[in-house]
2 protein chains.
Amino acid sequence: MRGLTHFRDFTPPELDFVSRFKTGELSVEPGAIVLMEGSHSAHLYTVLEGWGFRYKTLEDGRRQILNYLMPGDLVGLQGTVMGEMQHSIEALSPVTLCVFERGRLHSLFADHPSLAYDITWIAASEERMLDSHLLSVGRRTALERAAYLLAFLYDKAVRVGLMEKDMAIPVTQQHVADTLGLSIVHTNKTLRKLADRDFIRWTDKGCLVLDHVGLAQAAGWHPDNRGARPFI
Amino acid sequence: MRGLTHFRDFTPPELDFVSRFKTGELSVEPGAIVLMEGSHSAHLYTVLEGWGFRYKTLEDGRRQILNYLMPGDLVGLQGTVMGEMQHSIEALSPVTLCVFERGRLHSLFADHPSLAYDITWIAASEERMLDSHLLSVGRRTALERAAYLLAFLYDKAVRVGLMEKDMAIPVTQQHVADTLGLSIVHTNKTLRKLADRDFIRWTDKGCLVLDHVGLAQAAGWHPDNRGARPFI
DNA sequence: CGCTTAGTTGAGTTCGTTCAACGACTGTGG
DNA sequence: CCACAGTCGTTGAACGAACTCAACTAAGCG
């Protein structure tokens, strides 16, 4: 993982601390709920492998997917620094997580400012993604929204090495609908249009991206070419 | 400002550093653009006074308001830690900002871990608000969305002391529309319904909240009662 | 073999949009 | 002082996007 040019290099002391910071690994099955809204988890996680997503629900069951998780993403920071979790997390594929203890976060801030800075970097990056999603859900048409989402997921997955050998994005159309804020029927009809243009193909494993340039164009989206990100 | 119970108390060394961290103040008029999408600002700001908002636009002019800024909010963190700004910021009322230099952020992380932690706290808090807004825009009806937004703004404004003596929320219906992802006409009709129920009254200064409990109920929203927040 | 889950499609309805016009108010220049 | 333009809120009418309801297919699984 760390070998990927996508992630920044750590100094030996940093690496040493991070490995001691780690208190265990957690593996979950597809469909499993990693963290639940309202819980007070004492842990902070990093995704090592697999796909997941963050979501919130209203009382009557309406669900909004907020973002997707891939290797390198931090999970549970909100719960760690602010107490209660305000969103849930579910695995889309088999996921392995690296578990950190909440208490040690303070020593990370105290003794490794560069790593503390990395955490802030990751938080700012997450905020940036949410900004883009909000713009999309609020102001793009259904077709643009769908194209944007798939282009975004494809782009993010490629960066972390999840898109090798024609991997599919492991989501159902229900996930897409709950991300875009659309009904499942309309989502289906919209994805159909993208498939008819040969931008994607839907398989039993999820969504195959055939033409990510076409998708980005249909969405009016320019992915930003940011540099190496930290991986804690 | 600092006297408000809403903000946490700082130790003398923290206060000393923060005051040296500060390099100046910036005052802007209503309607002025504080930061522009695409700019590479070398500064980080804290809002001292006034109302503003963060937004993104699509190429054809469609605008999405992402969040509103009030005293205590950090501005430009994305640009500071990640380079280019991906959103713009505009003032709604006369705004005064506290200016920090980007370079000193590193010494803040190095020498004042508790303040670094505060910055992460604020970033996580901003992310939490965006989560809620995304849920709202994606899954709530127009009426629920409008009620949620106004209840949210009222709640946030009260916490920072901006809601004294029947102050109005200084927005136009266009701002509300661009926040909710609705057209201005439909926004008007939706706000009319809230006004007919005596939850709000629209004045030339903006929106008067008459019944914030009613609004929260109409939105199906339960504000979280978080404790003291940091104020850098 | 029936059961379940996921995708597909059509028909009718609802919600939100666009277009258009109008009133109230503000500021500006003649 | 009035005429004018500009902004903002309001409302009606017609249209279109997205929703719900419903039925059907295909695949996976006990």
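The surface near DNA strand C comprises 6 nonpolar, 7 polar and 2 charged residues. The model described here is predicted. Around DNA strand C there are 15 residues, of which Gln173(A), Ala142(B), Ser183(B), Val185(B) and His186(B) come nearest. Two or more residues of this surface are given by each of α6 (173–180) and α7 of chain A, and by α7 of chain B. The largest share, 5 residues, is that of α7(A).

DNA strand D has 16 residues around it. Those that come nearest are Ala142(A), Ser183(A), Val185(A) and His186(A), together with Gln173(B). Three helices each supply at least two residues of the surface near DNA strand D: α7 (184–196) of chain A, and α6 (173–180) and α7 (184–196) of chain B. Here α7(B) gives the most, with 5 residues. By class, the surface near DNA strand D holds 6 nonpolar, 7 polar and 3 charged residues.

Chain A also contains an open sheet of 4 strands, paired in the antiparallel sense and ordered β1-β8-β3-β6. The edges of this sheet are formed by β1 (22–28) and β6 (74–75) of chain A; each has a single partner strand, so one side of each lacks a neighbour in the sheet. Within the sheet, β3 (residues 43–49) and β8 (residues 95–101) of chain A form an antiparallel pair with 6 bridges. Tyr45(A) has Val99(A), in β8(A), as its bridge partner.

The two chains also meet through their α4 helices. Two packed helices are described by the angle between their axes and the distance between the axes. For helix α4 (residues 113–139) of chain A and helix α4 (residues 113–139) of chain B, the axes come within 9 Å and cross at roughly 15°. Angles under 35 degrees count as roughly parallel, and α4(A) and α4(B) are therefore roughly parallel to each other. The crossing of α4(A) past α4(B) is left-handed. The residues in the contact of α4(A) with α4(B) divide into 16 nonpolar, 6 polar and 4 charged.

Conventions
Residues numbered from 1 in each chain as written. Chains lettered and ligands numbered in written order. Predicted model: local features only at pLDDT ≥ 70, side-chain atom pairs only at ≥ 80, totals over all residues. Near = placed C-beta within 6 Å. Nonpolar A, V, L, I, M, F, W, Y, C, P; charged D, E, K, R; others polar. Pairing = 2+ DSSP bridges. Axes fitted to C-alpha atoms, helices over the stretch in contact; angles between N-to-C directions. Parallel < 35°, antiparallel > 145°, perpendicular 65-115°, else oblique. Left-handed = near helix turned anticlockwise from the far one by under 90°.
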